[in-house]
Amino acid sequence: MPIKRVPNTSTSPQFLKSKPSVHSVVLRNDITCGLPGCSLCTKDISDQWLHCAILLPTPSTLLSHTSLFEHAIIRKLFTIVVLDSVLDYVKDQYPTSYRALQRYLQFDGCIRFPDKSCKDTSNGYALCRTSEQLRDALVTSQRYFLLHSLHATPKTTTTCSVIVLCNKSSEQELDFPVLPISSTLKENLDNMLSANSKPWNPVALDISVLFSNAFYCQFISPSASLLEASLGSPCPSYEEFHELYNDSTLHLTLNPSFTYLPHISNEKAESMVSKRQLLSGKVTTWGRGRRGEVLTTYKHIKVTLCNPFYLNRSLAGDQVALALIEQEAWEGIEHSTQIDPKYICYESCEYIDKLSTTIPGDKVYGIVVAIINRPRHEYCGTIKIPFTLKHLEKISNHQESTQTLHTEKTAMLRPFRRNLPDFFVKSLSSIDHYIGKRVLFIIESWDCEERSPTARVSSVLGDVGDRDVEAAMVLFEYDIPYSNLQESDNIMLELKPFGFTSASYSIPSGVYASAVTPPPQQESLVSAPETILSQNIHSCKKYPTARLNLTDEYTVSVDPPSCKDIDDALHIKTLGPTTFEVGVHIADVSFYVRPESAIDLEARKRGTSVYFPDRRIDMLPSILTEDICSLRSGVDRLSMSALIELELYRDEEGPEDPVLDSELAKLAGLTPEEQKLRLVVKQYSFTQAIIRSRASLAYHEAQWLCEMDSASVYEAYEGTGYRNMSRALRDHINNEILENQIKVAKIQQNLKVLLFLSKLLKMERLRNGALILETPAVEFTLDPVTKLPTNLHEHVSLPTMSMIEEFMLLANRLAAEYTLEKYPSISILRRHPKPTEEQFAVLKKQLKDIFHFDLDTETNKALSASIHTAIKENALNAKQVSILRQMLTRCMMLAKYFVSSEYTVDEFYHYGLALPIYTHFTSPIRRYSDILVHRLLAAADNRDNLPATHSNTEVMAQICANLNSRKENADRASNEADKIFSVLYVIQMWSGVIKIPSTGDKSERYSWLRGRAGVLRIEDRRIHVILRDYGVDAEIRLQQGEVVAIDPNNMWVDVALGADRAIRRVTVFDEVQVEIGLDFSRIYEFDLHVRLIASDTDFKIAN
């Protein structure tokens, strides 16, 4: 809705002509003030409260804080009056800002007053162009509204103050005095009202004084009860009131010459990039698009874009051309919004070469001069207007019980992605039907004169907080296809030749007929000759192209609870006193997903399955993932199997560092005696096979079996252990007792041996420098009907989880070695580069300044040893070490898929796992990269033909690039889904669906949740933490009065909390206790609101 104009009530207006001028103005005596119930203007008497004050903003204030005046709380506290004279002055002095101002000020609760035409306020000027004319207009209008407020204010309130609001921090502000404090405001206004002659200066306050504690106590706090009764909402606290001022940003500039730098044409930009005159790369941004950087293609130089002016209308993900800023202009550049063109270097590559040895801090500044490619134009977001969550509509103590009807046609829109700026959107009718909704919007324009981009809403996804709507938004934002593959006729048609029907599936009879069954092998612990060889591996070598029938092996799968897409299983056989055969069996997905088929092309496009707390978005049709390919117990399934012969021996030489080795052994779960043992791969072979899983166990079930003795297993079918075992295992117990005693004992024995061997494998990796990194995670318990969270608990790592992980890592490493040997130039591998020293720099400085500890990051082995040194020397306690491991995770580079011909052998190294070569082979149901590796393995032994696309390294490099992008997006989408479910969990608590213990405060119907948080970094008045009980990142926004002192290097902040204002120092690496809830003034962000707890009293974990 446009700014409402003052209504004309007279049916016969009288027109008075002013003195002649170049521009004439018609004076009218029928113009009303627009204040509710003013007896001077209308006969209708209203008891509507007139707000705390009437504000007349100057042009400087209006332009600098437009977003502030749009805020709902400000509109409830104050009446905003915009004079026509003020708009005239803006149009004349700041033409580039005037058009945007017209759009920004289209909000309800603002009076646009025609002061030049009103006979009581006109100063005889047809146009207001000078500061003297503007000063006269403000003075006259202030006295006019002061007089009318006396006749509009209900008798129950005091006289309403009329304030000229200025911004003295701006260089463009008018030169007139302002009151230093608000306590003398009433006295000065009374003097103005009683003065017989026109005063020369208005009674003005600086905007910073308006948001001071003194003003709040004098003008807002006394009217709190009236505000709550009139508006039906609680009066904001001073902290909330002041936060509005802190968060208001400069949407428009006052510099008449300000514009973004015009972009050059793409054709010219590409030509200059090719001539090495400009740099190019992809933009990365943060802080709502206020800062960014570009990793350029030339020498991989990282160019800093220090504020929106230098980002120059580019968004995250844009491919841009940029010029460097010469070093002479770097001083003060972080806060500048203009640049002398002579300092823009259009010979950037040559300038880089000159700076290569003199760049201070390795930071180079630049400015975007062209957007070569914008990969996407449609995003998801929410209108920045508070609304009522449907989950909490009946809970008045948490948010407003009623929602105001918004008739305005424009608003600001907050994108879901935190690296994008706010967008300006407009609607042909009203934006009311967009409020409280997740909407898709399309970027329309972003002119040089516009501080924010303009967009239009393309469609509405649904209500904020709706589980399906939130999932659809996340999937859209991260470009994740989620259509039901089983609804595709082409895809389902391809499954019919394999014997699939809607009723059941069995392996085709021809596969059984051609399979080779290895001869039985007597397992014995007695001494055996050194030449002993696994019969299974022997059969692989004897029949290299045949599929082995391994259904007689005691194969077991161990997965998360309720897992349906089971893609791996294990078996183990003891070949001799120190020799073992381990079979790592992986679902043979490539048998069903043929190259270039419809299923294959869709799987290639999706790249990976995506997991949310309440759903799974499959890469393949569910009939494949949950039935045909899933290695479920009790049924025969096809597999690609790695048969590995392992030998155990004692290390007689001993470790180089016995102390460190003992610490690593504790991490691996080994005793001092077991620590002396080593495990080596004697030989291995890959083969296609038929297997039959004996049991599909959950991790905790397998762990339970490993911790029981055999006697307990024999009695499990009668005791309490029966209820803890999976259905697959219970089936064995429910058959003949004697037979099942043997089966269960056999499964238990195999699991124990596998667990022991996995500890030795882990120990070997740790010795080589493998890193132990932490990423806190939680597991949600969902309501079976609504799928909303009813409980959450911190993810607990069990030894059986590590057991499966170690054997999968081993199989992946061997698959990489084997495919690289057979296909040196076209193997699909996965590398994890070492982080740069720049990525470690901040963390190392924090450890040095806070704990006086030097972190050695020379190699991964040195890094691992350095962490154990910190533990040994008590430089860090257990909680701090945990936070350190989490922060190390954030320093790491992302692991990437690649074609072996793209890098040298030295660059194949996987830094995190400490492996010289690595790939993904063990999860083809959910990762397309594994299907590619399976095809290479099948072709290596002539079991199948190598697809033509695999021989084309350019095509395979493109596929790997897509897989990397899909993997990254899937991980981010899963993290976002966890955050959303954390918010839904809080809503469930506050809505009463889940009852939580009372904190003793009976004034609150539902208590804030409490939890633990690890401090990751401190910036200004914001503490960035990881919520350990929720597994998500969060931000603690400290109020102005809470911050006592802050370290200039952002290592600590002193905070005054609680009624006693006790001061506590919060330091990076600390574990703090927090309260967790929702901020309804920013509910459109749909994020957790976190605040520090003043004391540890009554501390409870969130669940």
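Predicted model: local features only at pLDDT ≥ 70, side-chain atom pairs only at ≥ 80, totals over all residues.
**Entry 1**

I then listed its lining, which has 17 residues; closest to the centre of the pocket are E656, D657, D661, R767 and K861. For the elements behind the lining, I found that α21 (658–668), α26 (737–767) and α29 (860–872) each give two or more residues. I also sorted the lining residues by class: eight are charged, five nonpolar and four polar.

**Entry 2: sheet**

I turned to an open sheet of three strands, and wrote down the order as β35-β36-β37 with antiparallel pairing. Which strands are at the edges? I noted β35 (1043–1046) and β37 (1062–1067), each of which pairs on one side only. On average, and with direction ignored, neighbouring strands here are turned by 20 degrees against each other.

I followed one pairing in detail. Three bridges join β35 to β36 (residues 1052–1057), in the antiparallel sense. For a residue-level reference I recorded A1045, which stands opposite D1054 in β36.

**Entry 3: helix pair**

Two packed helices are described by the angle between their axes and the distance between the axes. I looked up both values for α15 (residues 467–477) and α33 (residues 953–990): the packing angle is about 155 degrees and the axes are 10 Å apart. Is the crossing of α15 and α33 left-handed or right-handed? I recorded the crossing of these two helices as right-handed.

How values were computed: Residues numbered from 1 in each chain as written. Heavy atoms only, no water. 1 Å grid on protein atoms, 1.4 Å probe; cavity = no way out; pocket = protein on both sides within 12 Å on 5 of 7 lines; lining within 4 Å. Helix = DSSP H or I, 4+ residues; strand = E, 2+ residues; numbered from the N terminus. Nonpolar A, V, L, I, M, F, W, Y, C, P; charged D, E, K, R; others polar. Pairing = 2+ DSSP bridges. Axes fitted to C-alpha atoms, helices over the stretch in contact; angles between N-to-C directions. Left-handed = near helix turned anticlockwise from the far one by under 90°.
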